[in-house]
Amino acid sequence: MTFSSDDRHFMAEALAFARIAFAEQEVPIGAVVVRDGRMIGRGRNRRERLADPTHHAEIEALREAAREIGHWRLEGCTLYATVEPCPMCAGAAVNARIRRIVFGCADPKAGYCGTLGNIPQDPRLNHRCEIEGGLLADESAGLLKLFFQARR
């Protein structure tokens with residue numbers, strides 16, 4: 001898979017938000033939403049701090065992007081996430097009409113963009129997203145590994 005310099009740039013932005021989550025003792029996952037080369041949404045995991053199971057990085061980024069453009073339809077947008085989105089986040093991307101999902105490392109325990117399932121490309125749904133994984137995967141996986149080693 002060939003990623004553009006813009007892809008690398010925006011995944012680096014997502015990684016910056018993952019590092020903030022790490023510093024806040026949250027699972028270090030970050031996400032950004034990009035439209036026309038401009039970041040319009042960003043997020044990080046904040047489930048612990050906010051005591052809310054829906055505060056995943058991707059959900060935060062999608063919410064902010066929708067507020068930024070004033071509409072829930074995020075057509076033409078790309079979602080960058082440091083870790084393969086879970087079923088909730090993959091479903092939210094489909095519901096938001098995201099065009100493309102780019103993720104860092106695969107998630108063998110919860111990934112639903114090709115690993116355990118593939119919600120964004122399920123032909124039974126009314127919208128499908130392009131999916132590309134593996135961008136800066138080592139950096140994303142390394143941050144997760146550090147986080148979970150410290151918790152043991």
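# Questions and answers on a predicted chain

Student: In which strand does E132 lie?

Tutor: The model under discussion is a predicted one. In this model, E132 falls within residues 130–133. That run of residues is strand β5.

Student: Is E132 buried or exposed?

Tutor: The relative accessibility of E132 is 15%. Buried means under 20% relative accessible area. E132 therefore counts as buried.

Student: With which side chain does the side chain of E132 make a polar contact?

Tutor: The E132 side chain, placed in strand β5, has a polar partner at 2.6 Å. This contact joins two side chains, and the partner of E132 is R100.

Student: What pattern of helices and strands does the chain follow along the sequence?

Tutor: There are five helices and five strands in the chain. Read in sequence order, these elements give the pattern α-β-β-α-α-β-α-β-β-α.

Student: Why is the chain as compact as a globular protein of its length?

Tutor: For 152 residues, the globule rule gives 15 Å. The chain is as compact as a globular protein of that length because its radius of gyration is close to this value, at 14 Å.

Student: What percentage of the contacts with a separation of 6 or more is accounted for by residues 24 or more positions apart?

Tutor: The C-alpha atoms fill a box of roughly 40 × 30 × 30 Å along the principal axes. Of the 152 residues, 49% count as buried. Among contacts with a separation of 6 or more, residues 24 or more positions apart account for 57%.

Student: How far apart do the centres of the positive and negative sets of side chains lie?

Tutor: The chain exposes about 7,700 Å², and carbon and sulfur atoms supply 49% of that area. The charged side chains comprise 21 positive and 20 negative ones. The centres of these two sets are separated by 3 Å.

Student: Which backbone nitrogen does the side chain of N45 reach?

Tutor: N45 sits in the loop between β2 and α2, and at 5% relative accessibility it counts as buried. A polar atom of the N45 side chain lies 3.4 Å from the backbone oxygen of V27. The N45 side chain also reaches a backbone nitrogen at 2.9 Å. That nitrogen belongs to A57.

Student: Which residues does A57 touch, not counting those up to four places away in sequence?

Tutor: A57 is part of helix α3, which covers residues 57–69. With a relative accessibility of 0%, A57 counts as buried. N45, in turn, has contacts that include H55, H56 and A57. Beyond four places in sequence, the residues that A57 touches are I29, G30, A31, G43, R44 and N45.

Student: What distance separates the C-alpha atoms of A57 and R46?

Tutor: Along the chain, A57 and R46 are eleven residues apart.

Student: What is the phi of Q25?

Tutor: Most residues other than glycine have a negative phi. Q25 lies in the loop between α1 and β1 and counts as exposed at 60% relative accessibility. Although Q25 is a residue other than glycine, its phi is positive, near 65°.

Student: Where does D36 lie?

Tutor: D36 is not a glycine, yet it has a positive phi of about 50°. Its relative accessible area is 76%, so D36 is exposed. The place of D36 is the loop between β1 and β2.

Student: How far apart in space are D36 and A110, C-alpha to C-alpha?

Tutor: In sequence, 74 residues separate D36 and A110. Taken from C-alpha to C-alpha, their distance in space is 30 Å.

Student: How far apart in space are F148 and T54, C-alpha to C-alpha?

Tutor: F148 belongs to helix α5, residues 137–151. Its relative accessible area is 34%, so F148 is partly exposed. In sequence, F148 and T54 are 94 residues apart. From C-alpha to C-alpha, the distance between them is 21 Å.

How values were computed: Residues numbered from 1 in each chain as written. Predicted model: local features only at pLDDT ≥ 70, side-chain atom pairs only at ≥ 80, totals over all residues. Heavy atoms only, no water. Helix = DSSP H or I, 4+ residues; strand = E, 2+ residues; numbered from the N terminus. Rg over C-alpha atoms; globule rule 2.2 N^0.38 Å. Buried < 20%, exposed > 50% of the residue type's maximum accessible area, 1.4 Å probe, protein only. Contact = heavy atoms within 4.5 Å. Areas by Shrake-Rupley, 256 points an atom, 1.4 Å probe, with all protein chains shown as cover. Lys, Arg positive; Asp, Glu negative; His and termini not counted. Charge placed at Lys NZ, Arg CZ, Asp CG, Glu CD. Polar contact = N/O pair within 3.5 Å; in protein donor to acceptor, adjacent residues only side chain to side chain.
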